Amino acid sequence: METDRCVVLATERYGSSESWKYCAGDAVLERRRDEREGESRGNIIVRSFKSVFLPQGYPESVSEDYVHYQFWDTVQAFCSSLSGTLATQASLKGVGVGNQEATVAAATVTWLLRDGTGMLGRILFAWQKGSKLDSEAKKWRLFADVLNDIAMFMEISAPYFPACFTLIVCTAGVFKSLVGVAGGATRAALTVHQARRDNMADISAKDGSQETLVNLAGLLISLILIPLVTDNPILTLSLFFFFTILHLFANYKAVRAVVMDTFNEARLSIVLQQYLRNKQILCPLEANQREPVLLEFRKTMPIKLGVRLQEVVQSPAELNLALKENNLPYLLGVRNGCVHVCLRPEASVHDEIRAMCQAVWLSSVLSPLTSRDHPKQKSNWEMVHESHKLMDTIFNPFLTGVEASGWDIKRTLLDWDEWRVEWKTKSN
């Protein structure tokens, strides 16, 4: 009994898990586990699992949506692994594995053509859409998985169209290369969001471990499935569609689970429109729940940020109109059915947010649906001047409100291009 009574000199805890205390002994410090946290085989297994597959310092070192996202991401990765096995089997059958009449040279050429077209597609897609993958990470993440399922369906179907086999697998290869770019880039963007202690490398490494474990489980299940689906196209397609539906559902739930606290165009538009309606500031969770995650055709006027001056104004008179009632480091203009924003080099993040707020308001007011409801609308430059007056009134309280609601206004995910312009003001 005497050994249970001790003078506690210090306590220590590893993250939010196990706790220990140091007691005064006979000339030494005795280290004991906190009695409130009983040691059991179950606790040891759970702690070991966390150490292997979760980032150090979990859950404090990651965002609050980490577990929810990773759960659904694991489900989709498992389904994708099984679908991929079915697609690989079909591709191997298509290039002649098991067919005595097929030649090694023909199979090699088909494989090289597929890989070559995929490489070209990867380069072109990264060139055209690379800058969009940060600002629209959720949409492109979901797009990548939908495209991956389409590519695998094409690979499964290809052996039944031998005359078009090479064309089909090359097209599927291009699609999969796009998936590689979009999926990898958006995963990196989500890792930046999840990292709360600048531990992006650790989160990425543990995500790789989780994915490897899931793929290993998928491999074991595939060993059971392959003998069943061989030479059975109906069962192959049935299982593929089942896994695909579950894969798409899990992906949708995964991107819906992400709660980003930085503004992109969609989230800023949702928060601003709500504020203009009833002065209510949506928190990040509410805005993310309303954010569209599917690529869609625009219903409002498009917005281009960081453009050249000539896309905003094309004459000295128009430059004077753009500078009217505007002493801010950006210019706005409406041309060719699009809102253009031109930025000075010294513009701050707050200036970028304000410029985007004006552009969002102009886009909504000048959209075709709104214009149809208000046929006697003012000219575009009059609407630009009105947007300046509106921002003078609402922007400061709006910015204070969004910061108080938990939004990060030190940085944004707005899709600014790199053009910066210096113009002469009236004071010059």
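Start with three strands, which form an open sheet in the order β1-β2-β3 with antiparallel pairing. At the edges sit β1 (8-13) and β3 (29-33), each of which pairs on one side only. Going from one strand to the next, the twist averages 25 degrees. Keep in mind that this is a predicted model.

Let's look at one of those pairings. Strand β2 (residues 19-24) and β3 run antiparallel, and five bridges join them. What stands opposite arginine 31 in β3? That would be tyrosine 22.

## The chain as a whole

Stepping back, the chain has 14 helices and six strands. Of its 428 residues, 44% are buried. What about contacts along the chain? Taking the contacts with a separation of 6 or more, 72% are between residues 24 or more positions apart.

## Helix α5 and alanine 137

Helix α5 covers residues 137-157, and alanine 137 lies in it. The helix has 21 residues and reaches 30 Å from its first C-alpha to its last, close to the 30 Å expected at 1.5 Å a residue. Is α5 mostly covered or mostly uncovered? Mostly covered: 17 of its 21 residues are buried.

Alanine 137 counts as buried because its relative accessibility is 3%, and the cut-off for buried is under 20%. Which residues does alanine 137 touch, setting aside those up to four places away in sequence? They are Thr186, Ala189 and Met260. There is also a C-alpha distance to look at here: alanine 137 and alanine 188 are 51 residues apart along the chain, and their C-alpha atoms are separated by 9.3 Å.

## Serine 83 in helix α2

Now for helix α2, where you'll find serine 83. With 0% relative accessibility, serine 83 counts as buried. What is serine 83 in contact with, leaving aside its neighbours within four places in sequence? The contacts are Met152, Phe240, Phe243 and Thr244.

## Rings that pair up

How many aromatic pairs does the structure hold? There are 12. One of them brings together tryptophan 72 and phenylalanine 249: the ring centres are 5.5 Å apart and the planes are at 90 degrees, so the pair is edge-to-face, the cut-off for that label being over 60 degrees. This pair links distant parts of the chain, as tryptophan 72 is in helix α2 (residues 66-94) and phenylalanine 249 is in helix α8 (residues 233-257), 177 residues apart.

Are the two partners buried or partly exposed? Tryptophan 72, at 16% relative accessibility, counts as buried. Phenylalanine 249, at 43%, counts as partly exposed. The two rings also belong to one aromatic cluster, formed by Phe71, Trp72 and Phe249.

## A charge over a ring

Which residue lies over the face of tryptophan 423? Arginine 344 does, at 4.9 Å from the ring centre.

How values were computed: Residues numbered from 1 in each chain as written. Predicted model: local features only at pLDDT ≥ 70, side-chain atom pairs only at ≥ 80, totals over all residues. Heavy atoms only, no water. Helix = DSSP H or I, 4+ residues; strand = E, 2+ residues; numbered from the N terminus. Buried < 20%, exposed > 50% of the residue type's maximum accessible area, 1.4 Å probe, protein only. Contact = heavy atoms within 4.5 Å. Expected span 1.5 Å × (residues − 1). Phe/Tyr/Trp six-rings, centres within 6.5 Å; stacked < 30°, edge-to-face > 60°. Lys NZ or Arg CZ within 6 Å of the ring centre and 35° of its normal. Pairing = 2+ DSSP bridges. Axes fitted to C-alpha atoms, helices over the stretch in contact; angles between N-to-C directions.
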